[in-house]
Amino acid sequence: MTLLAHDRYCDEIVRQVGLLRAVLTSGADLSATVPTCPDWSLEQLVRHTGGALRWVELMVRTRAQDEIPEEKVPLHGGPDGEGDPAALDAWLAETGDMLVGALREAGPDTEMWGWAGVHSSGFWARRMAHELTIHRADATLAAGLPYEVAPDIAADAIDEWLQIIEWAQRNMPDDPTTDLRRPGSIHLHATDGSPALDAERSEMGAPPPEGWGRLIDLSGDVIAWRRGHEKATVALRGPLTAVLLGFYRRLPLESHELEVLGERELLEFWLERASF
């Protein structure tokens, strides 16, 4: 699958950091439990997310060839004190600027430590764009705010996670994703197809007639997945943002925005083991 441009990921990090900061300054209760990450409060979620960005920024800036321990990252845990949205907002703003600056300077092809078989700065631009995309969903759910994401980012976030699962199954025999092997297939179908999804265009250049889609085959030793619309054991249908959130277990399958057709048990089996 074709990746988005490096600058597109950097731009999205800027946007997602800004939207996450808007949650902080909306008057949301920082002590509120995050429904989709119930072990965290909203403040803990923000500190975790910003800490991940700081960790990646240090690795990209120093062109790290090995993983840097989190305890060596300055201000990894956020500002001192708790319950201060202004301090968290300032820390997060600085964090985002630092990371995007480091990524833009490095470009997509600088060699450095990474995982999922990709050892480049470009891997981290993509990974952090989607880390923010999903954790901002967690934050907006905790704050009771609406959530939307650009179609190209939503589609690429699903593709990235499928690639990571495929890589883990090929290279990590003890990884829990190996338990995903089961006869059957899953069809992800966005009902609001968008011409902005250039990666979905056919070889002839025409947009897909039925919106964005992915077919995931679980029957082999390693998942096989491809774009398009085919009959499957179970289908998850809805607007692309809703499909993304359902795929990452941020939206329950019972949501009015989603429709499940076929063997629901197979989809639940997948979601229990493949989402974070």
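This is a predicted model: local features need pLDDT of at least 70, side-chain atom pairs count only at pLDDT 80 or more; totals for chains, interfaces and linings use all residues.

Student: What's the strand order in the open sheet of 5 strands?

Tutor: The order is E5-E4-E3-E6-E7, and the pairing is mixed. The edge strands are E5 (224–227) and E7, each pairing on one side only. On average, neighbouring strands are turned by 15° against each other, direction ignored.

Student: How many bridges join E3 to E6, and in which sense do they run?

Tutor: There are 5 bridges between E3 (residues 185–190) and E6, and the two strands run parallel. Ile186 has Val234 as its bridge partner in E6.

Student: What about E3 and E4?

Tutor: They pair in the antiparallel sense, with 5 bridges. E4 spans residues 213–217. One of the pairs is His187 with Leu215 of E4.

Student: Which strands does H6 lie across?

Tutor: H6 (residues 240–247) lies across E3, E4 and E6, at about 130° to E6. Another helix, H5 (residues 151–171), lies across E3, E4 and E5 and runs at about 160° to E5.

Student: Switching to helix packing. At what angle do H2 and H4 pack?

Tutor: About 170°, with the axes 10 Å apart. That makes H2 roughly antiparallel to H4, because angles over 145 degrees count that way. On the H2 side the contact includes Leu45, Trp55 and Met59, and on the H4 side Trp124, Met128 and Leu132 are among the residues.

Student: How do the residues of that contact divide into nonpolar, polar and charged?

Tutor: 13 are nonpolar, 3 polar and 2 charged.

Student: Last topic: Thr110. Where is its place?

Tutor: Thr110 sits in the loop between H3 (85–106) and H4.

Student: Buried or exposed?

Tutor: Buried: its relative accessibility is 17%, and the cut-off for buried is under 20%.

Student: What does Thr110 touch, leaving out residues up to four places away in sequence?

Tutor: Arg63, His119, Ser120 and Ser121. Separately, a polar atom of the Thr110 side chain lies 2.6 Å from the backbone oxygen of Ala106.

Definitions and conventions. Residues are numbered from 1 along each chain as its sequence is written. Side-chain values use heavy atoms; hydrogens and water are left out. Two strands pair if DSSP finds at least two bridges between them. Helices (H or I, at least four residues) and strands (E, at least two) are DSSP runs, numbered from the N terminus. Axes are lines fitted to C-alpha atoms, for helices over the stretch in contact, and angles run from 0 to 180 degrees between N-to-C directions. Angles under 35 degrees count as roughly parallel, over 145 as roughly antiparallel, 65 to 115 as roughly perpendicular and the rest as oblique. Contact means heavy atoms within 4.5 Å. Ala, Val, Leu, Ile, Met, Phe, Trp, Tyr, Cys and Pro count as nonpolar, Asp, Glu, Lys and Arg as charged, and the others, Gly among them, as polar. Buried means under 20% relative accessible area, exposed over 50%, partly exposed in between (1.4 Å probe, protein chains only). A polar contact is a pair of N or O atoms within 3.5 Å; within protein, one must be able to donate a hydrogen and the other to accept it, and residues adjacent in sequence count only if both atoms are side-chain atoms.
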